[in-house]
Amino acid sequence: MTAQLIDGNALSKQLRAEVAIRAAKLTEKGITPGLAVILVGENPASQVYVRNKVKACQDAGLHSVLEKYPATMTEAELLARVEALNNDPTIHGILVQLPLPKHIDDHKVIESISPLKDVDGFHVASAGALMVGEPGFKACTPYGCMKMLESIGYDLRGKHAVVIGRSNIVGKPMAMMLLQSSATVTICHSATPDLAYHTRQADVVVAAVGKRNVLTADMVKPGAVVIDVGMNRDDEGKLCGDVDFVGVKEVASWITPVPGGVGPMTITMLLVNTIEAAERL
Ligand code: NAP
């Protein structure tokens, strides 16, 4: 079997076009949906991420403000900026790019964002809403993975999903979203003694680890759907995921590529959350 690709670029294009239509409708009513992105410091990867996020917003007709601050910014100064944006009626979504410099408490800053503007979905209120099945902003990466499953018409009800990774921004919310779709969910992590034992039973595997070749063909049940969240570099410096793509695609029924899979979907769901934030007003 050679797996079919779940094309994150194509799906993103479609979803971003829908966002653009919604943005145009709001703009006609005098509300231009606005996203503020805060970057503190000079982390090169973060600079690329924020640039891509701001450009994606602008391309979809959203208003986007990028605020860049030196790594010397104090925590109090950053909290004051977030508070000002919380009270700014032209801004509907606030994103503080992580990681922050070591002297600033990430958690404290994320918790200072109004849950009404928490378009990254990282606030405890957003995580709690997901946990209890109430409306709230969903973390963009797992939300994007769910959209990818939806795009292939995959019915998760009664399926066994294995999530590899338990971070607050990917693994845990991913598991909650799969559970909400009535999958039976197993969460694996670095202390899981026999990862392959679990993944071999899975109808769906989501790999969110950050290590190459965490999932190889012998660990995948024939016909499984494989979603690769990982972003790593191979020996030649090329972007690759957590999954041994070449091997696993011969066993799986559907697979997401890296690049061109989950990555573009993450930014797309940020746009979706921002438009939702503006529409809720
Ligand atoms: P993270 O916070 O470092 O979490 C990694 C998780 O993997 C942890 O829960 C860890 O377990 C687990 N783990 C580590 N080694 C393992 C092993 N050998 N077997 C099983 N589990 C193992 O990373 P993250 O923020 O969730 O991100 C994960 C990956 O996704 C990274 O490559 C990141 O760059 C990528 N990512 C991509 C996007 C995108 O848009 N494509 C967005 C976000 C993240 P413990 O909890 O026990 O330490």
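Q: What is the relative accessible area of Asn213, and how is that residue classed?
A: This is a predicted model, in which local features need pLDDT of at least 70 and side-chain atom pairs count only at pLDDT 80 or more, while totals for chains, interfaces and linings use all residues. Residues are numbered from 1 along each chain as its sequence is written, and side-chain values use heavy atoms, with hydrogens and water left out. A residue is called buried under 20% relative accessible area, exposed over 50%, and partly exposed in between, with a 1.4 Å probe and protein chains only. Asn213 falls into the middle class because its relative accessible area is 43%, so the class asked for is partly exposed.

Q: Where is Asn213 placed?
A: Asn213 is not a glycine, although its phi is positive at about 55°. Helices (H or I, at least four residues) and strands (E, at least two) are DSSP runs numbered from the N terminus. In that numbering, the place of Asn213 is in the loop between strand 7 and strand 8.

Q: Ser182 also has a positive phi in a residue other than glycine; which loop holds Ser182?
A: The phi of Ser182 is near 70°, and its relative accessible area of 31% makes it partly exposed. Ser182 lies in the loop between helix 7 and strand 6.

Q: In what order do the strands of the six-stranded open sheet stand?
A: Two strands are taken to pair if DSSP finds at least two bridges between them. In this sheet the pairing is parallel, and the edge strands, each pairing on one side only, are strand 1 (4-5) and strand 6 (184-188). Within it, strand 7 (residues 204-207) and strand 8 (residues 225-228) are joined over four bridges. The order of the six strands is 1-11-8-7-5-6.

Q: Which residue of strand 8 is the bridge partner of Val204?
A: Strand 7, residues 204-207, and strand 8, residues 225-228, pair in the parallel sense. The bridge partner of Val204 in strand 8 is Val225.

Q: What angle does the direction of helix 7 make with that of strand 5?
A: Contact here means heavy atoms within 4.5 Å. Axes are lines fitted to C-alpha atoms, for helices over the stretch in contact, and angles run from 0 to 180 degrees between N-to-C directions. Helix 7 (residues 171-180) packs on the sheet and touches strand 5 (160-164), strand 6 and strand 7, and the angle between its direction and that of strand 5 is about 170°.

Q: How many bridges join strand 2 to strand 3?
A: These strands belong to an open sheet of three strands in the order 3-2-4, with parallel pairing. Its edge strands are strand 3 and strand 4, and the twist averages 15° from one strand to the next. Strand 2 (residues 34-40) is joined to strand 4 by four bridges, whereas the number joining strand 2 to strand 3 is seven.

Q: Which residue of strand 4 stands opposite Val37?
A: Both faces of strand 4 (residues 93-96) are covered, with Gly93 and Leu95 buried on one side and Ile94 and Val96 buried on the other. The residue opposite Val37 in this strand is Leu95.

Q: What arc do the buried residues of helix 3 cover around the axis?
A: In helix 3, Glu75, Leu78, Val82, Leu85 and Asn86 are buried. Their arc, taken from the directions from the helix axis to the C-beta atoms, puts them on the same side of helix 3 because it is only 105°.

Q: What distance separates the centres of domain 1 and domain 2?
A: Domain bounds come from an automatic or database domain assignment, which gives domain 1 (29-132) and domain 2 (139-263). The contact takes seven residues from domain 1 and eight residues from domain 2. Taken over C-alpha atoms, the centres are separated by 27 Å.
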